[in-house]
Amino acid sequence: MSDCIYLDHHATTPCDRRVVDAMLPWLTERFANPHSDSHAAGREAAEAMNAAIETIASTVNAPASSLLITSGATESINLAMRGVMTHPRNRRNHMVVCTTEHPAVIDVATDLQRSGVEVSYVPVHPQSCSDASVPGTIDLDTLKDAVTDQTALVNVMIANNEMGAVHPIGEVARIVHDAGALLHCDATQAIGRMPVDVAELGIDLLSASAHKFYGPKGIGFLVAGGTDRRVRLRPQIVGGGQQQGLRSGTMNPAGIIAMATAIGLGDDDGPRIASLRDRLWETLRGSIEGLQINGPSLSDPASRLSGNLNFRLEHVEGETWMAATPGVAFSSGSACSSANPSASHVLLAMGLSESEARRSVRFGVGRFTTPEQIDEACEQLVTAFRRF
Ligand SMILES: Cc1ncc(COP(=O)(O)O)c(C=O)c1O
């Protein structure tokens with residue numbers, strides 16, 4: 001990479017050196033097809049891959065038999081949502097989606113809606129909420145009203161990729177299960193940043209991507225059956241019948257071993273990362289007038305990812321500041337939708353105006369970020385800002 005200071009860890013993370021070391025032999029000397037059970041090399045690959053799957057499952061406290069390996073969160077989400085809603089034995093035609101979900105969820109919902117599925121969108125608490133509710137977290141009263149005996153699936157992410165809000169998933173699960181529906185959580189931003197226990201939280205389906213927790217890109221997993229509720233999925237990719245016919249295609253031992261190594265490294269050190277994030281915020285706030293936080297309070301670690309900083313500027317657009325500060329990698333919205341010039345749907349859903357959303361920026365501090373990098377980034381950001 002160019003020698004820019006990387007503060008965009010919600011977009012992706014570097015592959016941890018320990019992950020690369022664990023993965024490499026399975027690409028070179030030990031490359032056999034794990035489905036070739038007629039020879040020892042294939043069986044060796046299958047054994048190592050299955051041990052890795054056990055590691056991943058046990059880290060999120062799900063049965064290994066419920067784990068499906070995919071190419072990443074987008075595929076996992078597609079399989080979870082389309083798989084449940086289009087299963088021939090699913091008799092419920094209604095689905096619920098939180099308004100601040102990633103496009104990987106929203107776009108699947110829109111597509112299912114076109115083919116006849118009914119979709120309800122549940123809002124989050126606005127930025128300006130005056131009561132004790134946490135901005136950016138799901139409105140549980142509206143969720144209760146939205147879920148009916150026709151609801152098959154409710155989709156609520158664990159943590160938001162833009163402003164880091166952490167939803168009260170345990171409470172969401174109780175509401176969902178009282179109506180006899182299943183809960184799917186996009187855990188893409190949560191895994192590796194906070195403990196996730198699907199059994200304790202009551203998550204039936206969970207999607208994740210290894211590259212968000214210091215693993216490689218192009219590999220992820222779906223838990224389909226994290227609780228004792230039955231999950232029936234209609235496969236979306238058919239072919240050789242691998243993974244109980246639910247996701248065909250030769251499995252990728254190197255990627256799976258890498259993902260298991262990455263998840264096994266444990267979660268980021270939240271307090272250390274939060275202190276770097278706070279150092280960034282305090283320095284910028286001390287040098288630039290009128291900055292305002294988007295999302296939950298930075299001093300509420302239970303409601304906000306520790307490395308996340310999202311704020312709005314008084315007059316300057318986020319894109320303009322980014323272009324003027326090429327030495328720092330940060331973002332003006334979610335990376336996955338940055339090809340789309342429209343204002344962040346997440347910030348709009350929190351009640352920000354279009355102009356406020358466009359004046360917003362997102363930073364993500366990561367495992368290898370140093371205090372010196374934060375200080376240097378602040379210097380470059382402030383210098384660039386003073387030229388406006
Ligand atoms: C919350 C969330 N969900 C889903 C995705 C999609 O992940 P991937 O691109 O790895 O499939 C992302 C990626 O930014 C994300 O942040």
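Reader: Why does Phe363 count as buried?

Author: In this predicted model, Phe363 has 0% relative accessibility. Buried means under 20%, so Phe363 counts as buried.

Reader: What makes Phe311 buried or exposed?

Author: The relative accessibility of Phe311 is 0%. That value falls under the 20% limit, so Phe311 counts as buried.

Reader: How many aromatic pairs does the structure hold, and why is the pair of Phe311 and Phe363 called stacked?

Author: There are 9 aromatic pairs. The ring centres of Phe311 and Phe363 are 5.9 Å apart, and rings pair if their centres lie within 6.5 Å. Their planes stand at 15°, and planes under 30 degrees apart count as stacked, so this pair is stacked.

Reader: What parts does the pair tie together?

Author: Phe311 belongs to strand β10 (residues 308-312) and Phe363 to strand β12 (residues 360-364), so the pair ties together parts 52 residues apart in sequence. Both residues also belong to one aromatic cluster, which includes Trp281 and Trp321.

Reader: What makes the charged end of Arg367 sit over the ring of Tyr214?

Author: The charged end of Arg367 is 3.9 Å from the centre of the Tyr214 ring. The distance limit is 6 Å, and the charge must also be within 35 degrees of the ring normal. Arg367 is listed as sitting over that ring.

How values were computed:
Residues are numbered from 1 along each chain as its sequence is written. This is a predicted model: local features need pLDDT of at least 70, side-chain atom pairs count only at pLDDT 80 or more; totals for chains, interfaces and linings use all residues. Side-chain values use heavy atoms; hydrogens and water are left out. Rings of Phe, Tyr and Trp (its six-membered ring) pair if their centres lie within 6.5 Å; planes under 30 degrees apart count as stacked, over 60 as edge-to-face and the rest as tilted. Helices (H or I, at least four residues) and strands (E, at least two) are DSSP runs, numbered from the N terminus. Buried means under 20% relative accessible area, exposed over 50%, partly exposed in between (1.4 Å probe, protein chains only).
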